[in-house]
Amino acid sequence: MDRFINRKRKYDNDENTEISDTTLPSTSETLKQSGGKCRYYNESYMDIGFTWCGPKDEPIPECIVCGIMLTNESMVPSKLKRHFIKQHSHLKNKDVHYFRKLLSDQKKEATKFTKKIKVSERALEASFVVSQMIANNMKGHTIGEKLIKPACKEMVRIMIGNEAALEIDKIPMSNDTVSRRICCMSTDIKELVIEKIKKLSVHASSR
């Protein structure tokens with residue numbers, strides 16, 4: 001089941017790492033690295049709406065307003081200002097506090113989105129697990145929505161609390177959903193068996 005769920009998940013597990021101000025390089029001096037130059041971020045670039053992302057040893061300038069990422073070679077005031085004036089001239093009178101707040105709000109939204117994805121993944125896994133149990137016991141697909149989910153919600157409410165019980169509502173267990181889950185799992189099993197048969201055939205023919 002774990003192998004199947006991992007194959008079926010559609011979410012990107014890569015999470016954006018939040019960068020604190022204390023980790024920012026303090027200057028924009030260039031260093032020789034691998035035959036080229038590496039430019040470091042300067043906190044003054046926040047005044048023109050730029051933060052940075054990527055590795056510390058080769059940071060990439062990122063526009064706080066539109067999210068566009070430039071190359072490390074563009075980590076100079078003239079090129080950053082060129083982008084800002086060309087794309088965001090309507091914000092030319094905004095001070096650094098505006099851009100700091102905008103960046104902070106974006107990080108908060110990214111954190112909320114990551115949490116939602118994690119909840120969705122757990123709900124998806126739970127939906128598949130229950131659907132497999134229904135199929136193994138040859139029960140009608142409506143049992144998930146009419147009996148299993150309500151019973152589970154009541155047990156969680158009594159044992160843990162109302163807030164935890166609300167999380168059960170996030171698990172998709174409708175008749176059509178259970179049917180799709182079972183069909184999806186059966187197709188995956190079929191493909192796995194075919195793949196094993198092909199490998200055995202190749203191995204036998206090579207003897």
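1. Basis. This is a predicted model: local features need pLDDT of at least 70, side-chain atom pairs count only at pLDDT 80 or more, and totals for chains, interfaces and linings use all residues. Numbering runs from 1 along each chain as its sequence is written, and side-chain values use heavy atoms, without hydrogens or water.

2. Strands β3 (residues 50-53) and β4 pair in the antiparallel sense over 4 bridges. Strands are DSSP runs of E, at least two residues, and helices are runs of H or I, at least four, numbered from the N terminus. Pairing needs at least two DSSP bridges between the strands. Cys53 has Ile60 in β4 as its bridge partner. The hairpin has 6 residues between its strands, and Gly54 takes a positive phi near 90°.

3. Buried means under 20% relative accessible area, exposed over 50%, partly exposed in between (1.4 Å probe, protein chains only).

4. Met138. This residue lies in the loop between α3 (96-136) and α4. Its phi is near 50°, positive although Met138 is not glycine. Met138 is exposed, at 76% relative accessible area.

5. Met159. Helix α4 (residues 143-159) contains Met159. Met159 is exposed, with a relative accessible area of 71%.
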